[in-house]
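Welcome, and thanks for stopping by. Shall we walk through this structure together, one question at a time?

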Protein chains: 2
Amino acid sequence: MFPVAARWDGSPGIFYTQTSYPHRMSEADFIARLRSIAVDPAARGLNDDAAVWDGLVLTHDMIVEGVHFLPDDTPQDVAWKLVAVNLSDLAAKGAAPVGVLVGYSLGDAAWDAAFADGLDLVLRRFGVILLGGDTVRVPAGAPRSFGLTAIGRAPPGGAPPRSGARPGDRIWVTGSIGNAGLGLAMRLGQEAANETCLAAYNRPQPQLTFGQAIAPHVHAMMDVSDGLLIDAQRMAIASGCQFGLMIEAFPLSAALLAVRPDIIDTRLAAATAGDDYQLLFTADPAAATAIGEIAAGLNVAVTAIGHAGVGEGILLTHRAQRVAVPARLGFMH
Amino acid sequence: MFPVAARWDGSPGIFYTQTSYPHRMSEADFIARLRSIAVDPAARGLNDDAAVWDGLVLTHDMIVEGVHFLPDDTPQDVAWKLVAVNLSDLAAKGAAPVGVLVGYSLGDAAWDAAFADGLDLVLRRFGVILLGGDTVRVPAGAPRSFGLTAIGRAPPGGAPPRSGARPGDRIWVTGSIGNAGLGLAMRLGQEAANETCLAAYNRPQPQLTFGQAIAPHVHAMMDVSDGLLIDAQRMAIASGCQFGLMIEAFPLSAALLAVRPDIIDTRLAAATAGDDYQLLFTADPAAATAIGEIAAGLNVAVTAIGHAGVGEGILLTHRAQRVAVPARLGFMH
């Protein structure tokens, strides 16, 4: 769904005050204008991971060469990412995926054939049908750009909104964060390669089964695509709460801690790197047992990382000491 | 939905044997590979205007600057076209449109704002909601590229396929053909401007109301987007019929005939120009009265242009004389 600016609701925040992103204002204006058009409740104010209409969950994300993927990413990995990032939006609404439509920029035949192989693989992996789409030729030299619309069935109890967190809720995240960010650094040759982190970057795993199972127990849910901190801030703003996050609780993998010291900087870097595609959700503390049982049953790690309170934005602590919120909270598309 | 190659089903035809489009083979290969993935009946073999799933009709079309629209087309016209070409696919399946998701490449703020105004206008005009989408920045100098997914409700009796024509059917087309092609020539400065033809190019009108009303009476229906001849050939191939088309019956507007002589060349040029967004359909000859009444009631012109028979491809006549099928049948994306 819409990037950064789309999640901005006019409340005070950090990321639009950064002078390093002056061009963002026109994007913010544009998305604000789109929001004035998207008045139907199904659009959820363009302020959620997906639209929810008539029992269906619908999302559309694009990926552009040089922006969302590297020119030398394999076509199979690009196909995987295109599908996975959209299915992650469905997972965040507790939806069961059904099908996709693909918008495809043709390139050379070998790349296209390998992309199709990757598309076949990822659709089979998640049990999703190819419904249709379009192929276009773009002028020579133009970056490749792909769009995908994913459609799923909303959970019986309704798709949890991004805006449903309540003061008193416990805040949870699945899996580990920061692996994909480190994987990107490895892909760029900035780090020695490590299979776990590379796989997290190349082949993100949408948490579909867990999302469906947990949906009835949560107040708010979204996927972590741009960074834990920026996405937590978006959820806090959308919900009209303040999220108090405990840095020491952020779940870092053994693979990450094998190459990085376990210090605050490492934890903040992991929480602002993006591409995690984990689920961030809040629930009544009384739901903790149910959440733990579901997670254990599905072999998904879940970690409580903080609490929602009265206020706005995010507040960071490390072992009960306040820590300044970093200027850069995540990946800005 | 998928261009040219997607509509190719392996039967003998004309357009793939043209040596002037050698690069098409890789596109054909790619779409053939996608077809091997899209095995669910909802995808209709990627050989129809849209997917039909669970009572819904879904389509995704992209438009690229310099390919599907001119760099100096107004942003409002580009927004109109992006929506209209997709709604035309819904019209071809007799669907009632519901909503759209937009994939948008950001450019300069003024262009984007004008596009949003145009999007607002066209969505209001056709009573369609903006459900969601995505915005991305593309590297400087890259052509603008937009995608749109449109969702509608299938007609109660089912969405008429492209492949349903039967020998003995009468072949019909709505409105006039060739106006938009002449409008494009006017936009390119090759012709003196004429409001009717310019409007047909700049603001195509999807035949939504007529499509819904006529759907129960047709055997096959599709929209004419790339040219009457190429689209008729696609329908003939998909249906396993031969379409006999009477060139003298092709409906040309007074606006077109005001600047072109009424000769075969004019009629063939109009039938191969594309961008008409009229509906092409076939029906039992006994349905002619009902079709005429529906058309009259909606103030839509319909013209019988030929008959389906046993055989394959298209066969052209002019006043009962055989005319060779031109090498170029329409617009090749």
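This is a predicted model: local features need pLDDT of at least 70, side-chain atom pairs count only at pLDDT 80 or more; totals for chains, interfaces and linings use all residues.

Visitor: By what turn can chain A be laid on chain B?
Guide: Happy to start there. The superposition of chain A on chain B gives an RMSD of 0.0 Å, with a shift of 0.0 Å along the axis. That is the relation of a two-fold axis. The turn that goes with it is 180°.

Visitor: Which residue of chain A has the C-alpha nearest the axis?
Guide: Here we look for the C-alpha in chain A with the smallest distance to that axis. The distance comes to 2.6 Å, and the residue is A:A142.

Visitor: What percentage of the contact residues of chain A recur in chain B?
Guide: The contact takes 55 residues from chain A and 55 residues from chain B. The same surface serves both copies, and the recurring share is 100%.

Visitor: Which element gives the most to the side of chain A that touches chain B?
Guide: Several elements of chain A supply at least two residues each, among them α1 (24-37), β3 (96-106), α3 (109-126) and β4 (129-137). By class, this side has 33 nonpolar, 13 polar and 9 charged residues. The top contributor gives 9 residues, and it is β4(A).

Visitor: Which strands of chain A stand at the edges of the sheet?
Guide: Let's follow the strand order. In chain A, 5 strands form an open sheet with mixed pairing, in the order β1-β2-β5-β3-β4. An edge strand has a single partner, so one side of it is left without a neighbour in the sheet. The strands in that position are β1 and β4 of chain A.

Visitor: By how many degrees are neighbouring strands of this sheet turned against each other on average?
Guide: This average ignores strand direction, which is handy in a sheet whose pairing is mixed. The value is 20°.

Visitor: Which residue in β5(A) stands opposite A:V64?
Guide: The pairing to look at is that of β2(A) and β5(A), which run antiparallel and are joined by 9 bridges. Within β5(A), the residue opposite A:V64 is A:S145.

Visitor: What angle does the direction of helix α2 of chain A make with that of β2(A)?
Guide: Helix α2 of chain A spans residues 75-92 and packs on the sheet. There, α2 touches β2, β3 and β5 of chain A. Its direction makes an angle with that of β2(A) of about 145°.

Visitor: How many residues of strand β5 of chain B are buried?
Guide: Consider the partners of β5(B) to begin with. Strand β2 (residues 56-64) of chain B pairs with β5(B) in the antiparallel sense over 9 bridges, and B:L56 has B:R153 as its bridge partner. Strand β3 (residues 96-106) of chain B also runs antiparallel to β5(B), with 7 bridges, and B:L101 is partnered by B:T149. Strand β5 of chain B is largely enclosed by the rest of the structure, because the buried residues number 8 of the 9.

Visitor: Which element gives the most to the side of domain 1 of chain A that touches domain 2 of chain A?
Guide: The domain assignment of chain A gives domain 1 (4-153) and domain 2 (170-323), with centres 21 Å apart over C-alpha atoms. Their contact takes 24 residues from domain 1 of chain A and 24 residues from domain 2 of chain A. On the domain 1 side, the elements that give two or more residues are α2 and β3 of chain A. With 11 residues, the one giving the most is α2(A).

Definitions and conventions: Residues are numbered from 1 along each chain as its sequence is written. Chains are lettered from A and ligands numbered from 1 in the order in which they are written. Two residues are in contact if their C-beta atoms, placed from the backbone, lie within 7 Å. Helices (H or I, at least four residues) and strands (E, at least two) are DSSP runs, numbered from the N terminus. Ala, Val, Leu, Ile, Met, Phe, Trp, Tyr, Cys and Pro count as nonpolar, Asp, Glu, Lys and Arg as charged, and the others, Gly among them, as polar. Two strands pair if DSSP finds at least two bridges between them. Axes are lines fitted to C-alpha atoms, for helices over the stretch in contact, and angles run from 0 to 180 degrees between N-to-C directions. A residue is buried if 20 or more other C-beta atoms lie within 10 Å of its own, exposed if 12 or fewer, and partly exposed in between; C-beta atoms are placed from the backbone. Copies are superposed by least squares on the C-alpha atoms of residues with pLDDT of at least 70 in both. Domain bounds come from an automatic or database domain assignment.
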